[in-house]
Amino acid sequence: MEKLFVSNKNESARMFKSDFLEFFSKVHFTTPLYFFLPCIGYLYYITFAERSYSVWQFIGLTLAGIFLWTVSEYLLHRFLFHYHPKSKLGKRFFFIIHGVHHDYPNDAKRLVLPPAISLPLATMFYFIFKNAAGEFYPPMFASFLLGYLFYDMGHYAMHHFKLKGKFWGAIKDHHMKHHYVDPENGFGVSTPLWDIILRSGYDDKKKVKEPSRD
C-alpha cells in the first residue's frame, strides 16, 4: 500500500471576525476528555452499583455501544458533515462545522469536535439510548462515548503523530486518502469497516495526490 506524505506542520486560518467566536472555534485536543470521561465514569458507576447485569450481558451491551458508534460516526461524517447545501448561509454553516478541516487539515485546534457541537450531539444520543435501551442503556452509552473519544483522539493522532504498526498505519492511510485523494469517499475514521461494507473506500492501486507544503 502506498503511504501518503503528510506534514505535521500546524496550519490555521481565521474563521470569524469576532474574537469571541474565533476563540470558541478552537479547542485543544484533550478538551473532550474533560467533558466525557466523567460522564463515562458515572455511567459505569450506574452499571456496577445500581444494575445487575450478567457478564455476558455487560460484554454484549459494551460491544453493541461500540458497534453503534462506528455506524453513527460513518453516517454523521458522510451525510451530515459532507452535506453540500446550495444556499450561501448553508455553505457557510457546513464550512464552519467541517469544511474548514478539509481546507486546513493540520490545524491542531480544529481536529476534535468543539463542545458547542459535541455536547448537543451527546445529549441527543443520551436520550435516544435511554429511551430505546431502557435499563440497559448505561454500559451501552458508556462504550458509545468511549468510541467517540477513540475517534477524536485518534483523529488528532492521525494528523500529528507518526503512527507505527500495520494496523494503525492502515487506519491513518485510509483517512489521509479521504483528505488528499477523494474527500467524497473514505468516511470511516476510527475504522474503514463501513467504507468496505458500503463500498465507499479506496482502491489501493489508486495514485496518491501528495499535498504541497511550503
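This is a predicted model: local features need pLDDT of at least 70, side-chain atom pairs count only at pLDDT 80 or more; totals for chains, interfaces and linings use all residues.
Helices are DSSP runs of H or I with at least four residues, numbered from the N terminus. Residues are numbered from 1 along each chain as its sequence is written, local features need pLDDT of at least 70, side-chain atom pairs count only at pLDDT 80 or more, and totals for chains, interfaces and linings use all residues. Side-chain values use heavy atoms, with hydrogens and water left out.

The axes of α3 (residues 55-81) and α6 (residues 137-160) lie 7 Å apart at an angle of about 45°, and the two helices are therefore oblique to each other, a class left over once angles under 35, over 145 and from 65 to 115 degrees are assigned elsewhere. Contacts (heavy atoms within 4.5 Å) join residues of α3, including F58, W69 and F81, to residues of α6, among them P139, F144 and Y151. The residues of this contact divide into 12 nonpolar, five polar and one charged.

The largest pocket holds about 440 Å³ of space; a pocket is an open set of points on a 1 Å grid where a 1.4 Å probe fits, with protein on both sides within 12 Å along at least five of seven lines, and lining residues have an atom within 4 Å of a point. Its lining comprises 24 residues, of which S25, I96, I97, P114 and I117 lie nearest the centre. Helix α4 (88-103) is among the helices that each supply at least two lining residues, and α4 gives the most, with six.

Conventions
Axes are lines fitted to C-alpha atoms, for helices over the stretch in contact, and angles run from 0 to 180 degrees between N-to-C directions. Ala, Val, Leu, Ile, Met, Phe, Trp, Tyr, Cys and Pro count as nonpolar, Asp, Glu, Lys and Arg as charged, and the others, Gly among them, as polar. Grid points are joined across faces, edges and corners, and a volume is the space filled by probe spheres set on the points.
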